[in-house]
Amino acid sequence: VNGIFIPEYIRWTKMLSRCYLDRPEYATYKDCEVCDEWLKFSNFYNYCQENKQWLDLGYQLDKDLLIKNNKIYSPETCLWLPSELNTLLTYRRKDRGNYPVGVSKHNQYFKAQLSTGNSNRTLLGYFKTPEEAFEAYKKAKENHIKFKAEEYKDIISDKTYQALINYVVNITD
């Protein structure tokens, strides 16, 4: 508009780039796609206008909260999340090695550790097996997500709030 890229257009091009450009920084989006409806900018723009309160707050479009490992960006599969909540749900699979999420090897034990944002980590303990360590991580992570859902309850949609409250951490995450 008047030579300036509007927020809706910026989000649309970033979404398309993540799905359709073969670049190392988009490796986690391999096999992702945009629904036919949103391939047309005017349809995506209208969706953003219907959700303008979230766009105006700078929230991010998330495709994974409602459906784990979802590969399709669409009105039915996406929610708007503050960046802190979106980051909270990122698992960085390529960075963690051979152990379940939240678990690392420490001498002969397995360490469970929870990242709570802003580079803050909470040690949950040392365990004999990776499964025991994961169970400690799972409980702490799910509780932390519920805590954050309550913290953000008044500034996220009811659908987003419910998805956070019902979020389940799996050993395969």
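In which strand is Lys111 found? Select Lys111: its place is strand S6 (residues 109-117), where a strand is a DSSP run of E of at least two residues and a helix a run of H or I of at least four, numbered from the N terminus. This is a predicted model, in which local features need pLDDT of at least 70 and side-chain atom pairs count only at pLDDT 80 or more, while totals for chains, interfaces and linings use all residues. Residues are numbered from 1 along each chain as its sequence is written, and side-chain values use heavy atoms, with hydrogens and water left out.

Stay on Lys111 and show its surroundings. Beyond its neighbours within four places in sequence, Lys111 is in contact (heavy atoms within 4.5 Å) with residues including Gly102, His106, Leu123 and Tyr126.

Next, select helix H1 (residues 7-20) and helix H3 (residues 41-50). Their axes come within 10 Å and cross at roughly 120°; axes are lines fitted to C-alpha atoms, for helices over the stretch in contact, and angles run from 0 to 180 degrees between N-to-C directions. H1 and H3 are therefore oblique to each other, oblique being what is left after under 35 degrees (roughly parallel), over 145 (roughly antiparallel) and 65 to 115 (roughly perpendicular). Show side chains: Glu8, Tyr9, Arg11, Trp12 and Met15 of H1 meet Phe41, Phe44, Tyr45, Cys48 and Gln49 of H3.

Finally, colour by pLDDT, the predictor's confidence in each residue, from 0 to 100. The chain averages 90. Where pLDDT is low, the predicted coordinates should not be read in detail.
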